[in-house]
Amino acid sequence: MAAPPNFEEGQSTYRPPRFNGQYYGWLKTRMHDFIMAEDSELWDVIFDGPFVPMKTIGETTVTFPNTRKEYNDADHKAIEKNFRAKKILVCSIRPYEYNRISAYQSAKEI
């Protein structure tokens with residue numbers, strides 16, 4: 001696949017590729033590679049959805065989400081992955097596109 005002509009941003013290894021509304025297939029490949037290079041678990045969060053710590057009540061199979069006070073260190077690290085993935089996705093879009101996704105809570109929704 002050839003690169004689009006006159007793309008705006010440079011080739012940075014620190015900033016995600018910027019979507020300009022064209023050449024979606026090219027950007028999709030670049031974004032996948034950028035995210036995998038940052039942390040392969042971020043792609044899992046985007047693809048599968050965020051981690052939600054759960055607890056089982058009693059001996060039944062009823063589960064409820066933990067409150068923030070009940071999170072342990074592993075839960076915090078897993079939840080942080082969703083926010084890191086969201087940050088990368090939000091940094092790759094233009095301000096006028098942000099209004100469309102600003103209410104989404106997870107990277108998968110974006």
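Start by selecting Phe-19: this residue is buried, with a relative accessible area of 19% (buried means under 20%, exposed over 50% and partly exposed in between, using a 1.4 Å probe and protein chains only). The model is predicted, so local features need pLDDT of at least 70 and side-chain atom pairs count only at pLDDT 80 or more, while totals for chains, interfaces and linings use all residues. Residues are numbered from 1 along each chain as its sequence is written, and side-chain values use heavy atoms, with hydrogens and water left out.

Next, select Tyr-23, in the segment before α1 (helices are DSSP runs of H or I, at least four residues, numbered from the N terminus). Tyr-23 is partly exposed, at 38% relative accessible area. Its phi is positive, about 55 degrees, although Tyr-23 is not a glycine. Most residues other than glycine have a negative phi.

Finally, show α1 (residues 24-38) and α2 (residues 40-48), which pack at about 125 degrees with axes 5 Å apart (axes are lines fitted to C-alpha atoms over the stretch in contact, and angles run from 0 to 180 degrees between N-to-C directions). His-32, Ile-35, Met-36 and Glu-38 in α1 meet Ser-40, Leu-42, Trp-43 and Ile-46 in α2 (contact means heavy atoms within 4.5 Å).

How values were computed. Helices (H or I, at least four residues) and strands (E, at least two) are DSSP runs, numbered from the N terminus.
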